[in-house]
Amino acid sequence: MSRTPQDDIRRAYEKEITKKLRAKGLNATASHVVFPDLKPLTNKTVERITNTISMFREAGFQILLLTSLKDVEEQEILRRREGYGSMLDYYGNEYVTLKGYYDDLNAPPKLPPLGTELEPTTKRTVTFVLEAVFENLLQS
């Protein structure tokens, strides 16, 4: 169960978390599937919290995983495109004859280097930091 007021974010979090839990061999169900109208508790009282936990217990849940967003980390990574920027990078010399890498006295004139500028690329990564709290519904 994700604690967020936005339903689309709740579904996205729960879907991704249950997918990863299932990949680990656990039987996980997202709360938005069973309780699509569940809203975050605003006026938290012991009675309201107990009623919500009982609702999950009655639906057959044994463990409740409550997640909430704590931080968002954004990072931009600057990379140089892979490849060779000139003939010097590729062949190790600035000029290459038409006959190939080795100089030949009878070869046609040497060609100037192909100096192509490589554009750097940036990649932006976003990491969501979640807080997770487990509640064992069989013991409470």
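**Note on the predicted single-chain model**

1. Buried means under 20% relative accessible area, exposed over 50%, and partly exposed in between (1.4 Å probe, protein chains only).

2. This is a predicted model; local features need pLDDT of at least 70, side-chain atom pairs count only at pLDDT 80 or more, and totals for chains, interfaces and linings use all residues. Residues are numbered from 1 along each chain as its sequence is written, and side-chain values use heavy atoms, with hydrogens and water left out.

3. The protein chain holds four helices and two strands. Their order along the sequence is α-α-α-β-α-β. Both kinds are DSSP runs numbered from the N terminus: helices are H or I with at least four residues, strands E with at least two.

4. Of the contacts (heavy atoms within 4.5 Å) with a separation of 6 or more, 69% join residues 24 or more positions apart.

5. Helix α1 covers residues 7-23, 17 residues in total. From first C-alpha to last it reaches 24 Å, close to the 24 Å expected at 1.5 Å a residue. The expected span is 1.5 Å times one less than the number of residues.

6. R10, Y13, E14 and T18 of α1 are buried. They cover an arc of only 120° around the axis, so they sit on the same side of α1. The arc is that of the directions from the helix axis to the C-beta atoms. On the other side, D8, K15, K19, K20 and A23 are exposed.

7. Just after α1, G25 takes a positive phi of about 90°.
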